[in-house]
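Take a look at the protein below. This report walks through its fold, one part at a time.

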Amino acid sequence: METKNQNNATALVANADFFSGQLPDLTKAEASPLELSGEYWTPEGVGEKRRMFFKDLRVEQAIDQKTGANVELLVAYFVEPTTDGKRRVVRQASRRLTAIFENYAENIRPGMAFEITYNGKMKNKTNQNSSDTWSIVPLDTNTASALVPTKMTVEEKKQKIKKTSKKEVKLP
């Protein structure tokens, strides 16, 4: 009888078999450079800007605040370097912001850098609501000032700049 109860209990836990054997020592495990939970960016004021790398667009389930209904929401994910050298995942679901990334999906790739500035709310032309507005500017991370400092000679730096400046860059 005890075995049957134990099997029922482990059946309730997804992937319970994985946890039945020897587990790795987590004190020796290295943490990922990205936190999974991330942060939802709600700008506090007009002019607030962030420099981030585009990660992807995802459709997520959310609850409509007015109706309480379950709705699909397009969410833009970014990776933002922090001052302590780490990286955090940042999410934003403003329809005007996600539409830009959706409309330029052929040209925008994961890892591209952008400066995103919150420009405040603007009254919609089609209804009585107001929507967030944004300035989204691609950043050139191949410029000399954006390169991570390394122990290169001046001549090596000049060669690297010369090589990267020959690349054709397509902007949306």
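Which residue lies over the face of tyrosine 77? It is arginine 58, at 4.0 Å from the ring centre.

Keep in mind that this is a predicted model. The mean pLDDT of the protein is 80, and 73% of its residues reach 70 or more. Over residues 164-172, the pLDDT is below 50. Beyond near neighbours in sequence, that stretch has six contacts in the model. Where pLDDT is low, the predicted coordinates should not be read in detail.

**The overall plan**

The protein has three helices and six strands. Read from the N terminus on, its elements run α-β-β-β-β-α-β-β-α. The protein has 172 residues, and 22% of them count as buried.

The six strands form an open sheet. Their order in it is β1-β4-β3-β2-β5-β6, and the pairing is mixed. Which strands stand at the edges? They are β1 (residues 39-40) and β6. Each has a single partner strand, so one side of each is left without a neighbour in the sheet.

Two of the pairings deserve a look. Strands β5 and β6 run antiparallel, and 10 bridges join them. They form a hairpin, with six residues between the two strands. Strands β2 and β5 also pair in the antiparallel sense, over five bridges.

| Residue | Stands opposite | Strand of the opposite residue |
|---|---|---|
| Lysine 49 | Threonine 117 | β5 |
| Phenylalanine 114 | Proline 138 | β6 |
| Isoleucine 116 | Isoleucine 136 | β6 |

**The core**

The largest nonpolar core has 14 residues. Those with the most contacts inside it are Phe78, Leu97, Phe101, Phe114, Ile116, Trp134 and Ile136. Where does this core come from? Strands β2, β3, β5 (113-123) and β6 (130-139) each supply at least two of its residues, and so does helix α2. The largest share, three residues, comes from β5.

Leaving out residues up to four places away in sequence, isoleucine 116 touches Trp41, Glu48, Lys49, Arg50, Met52, Phe78, Leu97, Phe101, Trp134, Ser135 and Ile136.

Helix α2 has buried residues too. They are Leu97, Thr98, Ala99 and Phe101. What covers them? The cover includes strands β2, β3, β4 (87-92), β5 and β6.

**The aromatic rings**

How many aromatic pairs are there? The count comes to six. One of them joins phenylalanine 54 and phenylalanine 78. This pair is edge-to-face: the ring centres are 6.1 Å apart, with 70 degrees between the planes. Phenylalanine 54 lies in strand β2 (residues 49-63), while phenylalanine 78 lies in strand β3 (residues 70-81). The pair therefore ties together parts that are 24 residues apart in sequence.

Phenylalanine 54 has 8%, so it is buried. Phenylalanine 78 is at 1% relative accessibility, so it counts as buried as well.

Phenylalanine 54 also pairs with phenylalanine 101. This pair is stacked, at 5.0 Å centre to centre and with 5 degrees between the planes. Here phenylalanine 54 in strand β2 meets phenylalanine 101 in helix α2 (residues 95-103), so the pair ties together parts that are 47 residues apart in sequence. Both phenylalanine 54 and phenylalanine 101 are buried.

The picture widens with one more ring. Phe54, Phe78, Phe101 and Phe114 form one aromatic cluster.

Technical notes:
Residues are numbered from 1 along each chain as its sequence is written. This is a predicted model: local features need pLDDT of at least 70, side-chain atom pairs count only at pLDDT 80 or more; totals for chains, interfaces and linings use all residues. Side-chain values use heavy atoms; hydrogens and water are left out. Rings of Phe, Tyr and Trp (its six-membered ring) pair if their centres lie within 6.5 Å; planes under 30 degrees apart count as stacked, over 60 as edge-to-face and the rest as tilted. Helices (H or I, at least four residues) and strands (E, at least two) are DSSP runs, numbered from the N terminus. Buried means under 20% relative accessible area, exposed over 50%, partly exposed in between (1.4 Å probe, protein chains only). A charge sits over a ring if NZ of Lys or CZ of Arg is within 6 Å of the ring centre and within 35 degrees of the ring normal. pLDDT is the predictor's confidence in each residue, from 0 to 100. Contact means heavy atoms within 4.5 Å. A nonpolar core is a set of buried Ala, Val, Leu, Ile, Met, Phe, Trp, Tyr and Cys residues joined through side-chain atoms within 4.5 Å. Two strands pair if DSSP finds at least two bridges between them.
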